[in-house]
2 protein chains.
Amino acid sequence: MAKKPNPIEKCDAEVIHKEIVNQVKAKMPKEEILYDLAELFKVFGDTTRIKILWALAESEMCVCDIAALLNMTQSAISHQLRILKQAKLVKNRRDGKIVYYSLDDDHVEQIFGQGLAHIYEDR
Amino acid sequence: MAKKPNPIEKCDAEVIHKEIVNQVKAKMPKEEILYDLAELFKVFGDTTRIKILWALAESEMCVCDIAALLNMTQSAISHQLRILKQAKLVKNRRDGKIVYYSLDDDHVEQIFGQGLAHIYEDR
DNA sequence: TGAACAATTGAACAGTTGTTCATATATTCT
DNA sequence: AGAATATATGAACAACTGTTCAATTGTTCA
């Protein structure tokens, strides 16, 4: 997590592989893109949020419903929904006192599918 | 992070939506699957690891090369490679003193693709 | 064998994260 | 207006994470 500039250590192999390393470097996406990508996956990297997304893939639900479904407090769910909304993965609409949340992205289910494929591959 | 059983708060809407909630509950994958899925995405949720995977998608590389490429210490890279290997995302082979790492999964690039699609969608 | 190189490992530390608790906001109903 | 319901929010705390540093392992070469 600590983001500090680090000294590189000298390494003989580095000299030998210099050309390949430079080629790879040239093909790497911009720092900003890779950062955003990591931020997105960070959102997926929590069991509670995964469960929420999976539930919303099935049906629109209110905060209170999700809390009951996952057996967690409304507050905890609300905090996580805020993170999901910031990541533009869910959207919401208000109907009276109740706020309904739903998926706001077509890629979520495909990303989950690929993730599952990886998990199931190992056996 | 603290994983404790939490009390549910009472909620009138929950009663109204009970049927839907139960249906969604019935369709949810097993706890274990969702946990593994979150664990996998957690691995993707770090800039350093994303960069390593992206680099290895381009070419096999040794620890020292990756360290030079990302301007980080060999130790830091080695720690991250261990995590990637545990997640079965990379594999390695030793040639003398040098250990070469490469991708060990077909889904990585597709998952990244979907992730990028989501990021680029927002504008 | 010993020196040098490449990589790994464990402990420690700062920074981050998710839940809880208390409180605030928003809406409805009487 | 006040009471009740539904959600949101901020502070605080424990648990977790990524990097650094120091030490270790494994390999090659003189």
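Helix H5 of chain B is followed by B:Asn71, a residue with a positive phi, near 55°. The model described here is predicted. Within it, H5(B), spanning residues 63–70, is mostly covered, with 8 of its 8 residues buried. Chains A and B are superposed by a rotation of 180° with 0.0 Å of shift along the axis, at an RMSD of 0.0 Å; that is the relation of a two-fold axis.

**Helix H5 of chain B**

- The buried residues of H5(B) are B:Val63, B:Cys64, B:Asp65, B:Ile66, B:Ala67, B:Ala68, B:Leu69 and B:Leu70.
- In chain A, the packing partners of these buried residues are helix H1 (12–16) and helix H2 (18–27).
- In chain B, they pack against helix H4 (47–58), strand E1 (61–62), helix H6 (74–86) and strand E3 (98–103).

**B:Cys64**

- B:Cys64 belongs to helix H5 of chain B.
- Its relative accessible area is 7%, so B:Cys64 counts as buried under the 20% cut-off.
- Apart from neighbours within four places in sequence, B:Cys64 is in contact with A:Cys11, A:Ala13 and A:Glu14 of chain A, and with B:Gln74 of chain B.
- A separation of 8.5 Å lies between the C-alpha atoms of B:Cys64 and B:Ile98, which are 34 residues apart along the chain.

**Extent of the interface**

- The contact between the chains involves 66 residues from chain A and 66 residues from chain B.
- About 6300 Å² is buried between chain A and chain B, and 68% of this area is on carbon and sulfur atoms.
- A:Phe41, A:Gln114 and A:His118 supply 10% of the area that chain A buries against chain B, more than any other three residues.

**Polar and charged pairs across the interface**

- There are 4 salt bridges between chain A and chain B.
- A salt bridge joins the side chains of B:Lys27 and A:Glu58, at 3.3 Å from N to O.

**Composition of the chain A side**

- The elements of chain A that each supply at least two residues to the side touching chain B are H1, H2, helix H3 (31–44), helix H4 (47–58), strand E1 (61–62), helix H5 (63–70), strand E3 (98–103) and helix H7 (107–121).
- H7(A) gives the most to this side, with 12 residues.
- The residues of the side of chain A that touches chain B divide into 38 nonpolar, 13 polar and 15 charged.

Conventions:
Residues are numbered from 1 along each chain as its sequence is written. Chains are lettered from A and ligands numbered from 1 in the order in which they are written. This is a predicted model: local features need pLDDT of at least 70, side-chain atom pairs count only at pLDDT 80 or more; totals for chains, interfaces and linings use all residues. Side-chain values use heavy atoms; hydrogens and water are left out. Copies are superposed by least squares on the C-alpha atoms of residues with pLDDT of at least 70 in both. Buried means under 20% relative accessible area, exposed over 50%, partly exposed in between (1.4 Å probe, protein chains only). Helices (H or I, at least four residues) and strands (E, at least two) are DSSP runs, numbered from the N terminus. Contact means heavy atoms within 4.5 Å. Buried area is the accessible area (1.4 Å probe) that two parts lose on being put together, summed over both. Ala, Val, Leu, Ile, Met, Phe, Trp, Tyr, Cys and Pro count as nonpolar, Asp, Glu, Lys and Arg as charged, and the others, Gly among them, as polar.
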